[in-house]
Amino acid sequence: MKKILINFAHPAKSRSSVNKTLRKAVEGLEGVTLNDLYQAYPDFMIDIEREKQLSEEHDVIIFQYPLYWYSTPSIVKEWFDLVLEHDWAYGSKGNALKGKLFFQVISAGGDGASYQKEGFNEFSLKELSAPFRATAKLCKLVWLPPFAITGVHSGLPTAEILRHGESYRRTIIALRDERVDIEQAKLLELLNADLNQLIGSE
Ligand SMILES: Cc1cc2nc3c(=O)[nH]c(=O)nc-3n(C[C@H](O)[C@H](O)[C@H](O)COP(=O)(O)O)c2cc1C
């Protein structure tokens, strides 16, 4: 059984609909640790040793957050700047994260069509996750495409948000129980593009 760490980052949790629902769907699952970064560090004083230890103790490291300016809420950047130390995360002696799975769970205001080459935003969410992918390579992590929910601005119906929550739960359980073909998953546009293909029989 793989141990899964979800680094959750939402600066306005009380106003969240998507991330709150997704979080609820996976919080408390066996093998899953929920690490709420804004709650733990409201002053941004990240406890580097605690974060390094949490990362070391888990096999899958996830960052879950709403897309802000095609990127992350600022505490995620702060986490990367401080926690990914030389000779720990990268460099010739930096092997602490080697072989762990790593991906983002993103909610976006823009809809799926806007996140295409011909669409309004001109780049796909997979393309916009390039800094994560490059960081993963440097840190010897195994990068996977993002699990993404789009179209939040158009007002997703509650039933649809709940369905996304259920997909998230299925994905997390399958990763935990090692039922995901990782090589196939790497090729997907989004991790949740086709759950039946990703997970197979349950
Ligand atoms: C500061 C800020 C920046 C945002 N930037 C983007 C963006 O670049 N692209 C986008 O699609 N949505 C953007 N949004 C919309 C959020 O991604 C959206 O409100 C969020 O994913 C909804 O999730 P929640 O219900 O958990 O809050 C932005 C929202 C805020 C507040």
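How far is an oxygen atom of the ligand from an N or O atom in the side chain of histidine 10? The distance is 2.8 Å. This is a predicted model, in which local features need pLDDT of at least 70 and side-chain atom pairs count only at pLDDT 80 or more, while totals for chains, interfaces and linings use all residues. Residues are numbered from 1 along each chain as its sequence is written, and side-chain values use heavy atoms, with hydrogens and water left out.

**The ligand**

| Residue | Part of the residue | Distance |
|---|---|---|
| Histidine 10 | N or O atom in the side chain | 2.8 Å |
| Leucine 67 | polar backbone atom | 2.7 Å |
| Glycine 109 | polar backbone atom | 3.0 Å |

The protein covers 76% of the 630 Å² of accessible area that the ligand has on its own; such areas come from the Shrake-Rupley method with a 1.4 Å probe. There are 17 residues around the ligand, where a residue is near a molecule if one of its heavy atoms lies within 4 Å of it. Those that come nearest are Ser16, Asn19, Leu67, Ser107 and Tyr115.

Strand β3 spans residues 60-66; strands (E, at least two residues) and helices (H or I, at least four) are DSSP runs, numbered from the N terminus. In β3, 7 of its 7 residues are buried, a word for under 20% relative accessible area (1.4 Å probe, protein chains only). One side holds Val60, Ile62, Gln64 and Pro66, and the other holds Ile61, Phe63 and Tyr65.

Strand β1 (residues 4-8) runs parallel to β3 and is joined to it by 5 bridges; two strands pair if DSSP finds at least two bridges between them. Here leucine 5 stands opposite isoleucine 61. Strand β4 (residues 101-107) is also parallel to β3, with 7 bridges between them, and isoleucine 61 stands opposite phenylalanine 102 in β4. From β3 the chain passes through helix α4 (residues 74-83) to β4 in a right-handed β-α-β crossover: with the strands pointing away from the viewer, the path from the first strand over the helix to the second runs clockwise.

**Glutamine 64**

Glutamine 64 lies in strand β3. Why does glutamine 64 count as buried? It counts as buried because its relative accessibility is 0%. Its side chain and that of tyrosine 168 are joined by a polar contact of 3.0 Å.

Notes: Buried means under 20% relative accessible area, exposed over 50%, partly exposed in between (1.4 Å probe, protein chains only). A polar contact is a pair of N or O atoms within 3.5 Å; within protein, one must be able to donate a hydrogen and the other to accept it, and residues adjacent in sequence count only if both atoms are side-chain atoms.
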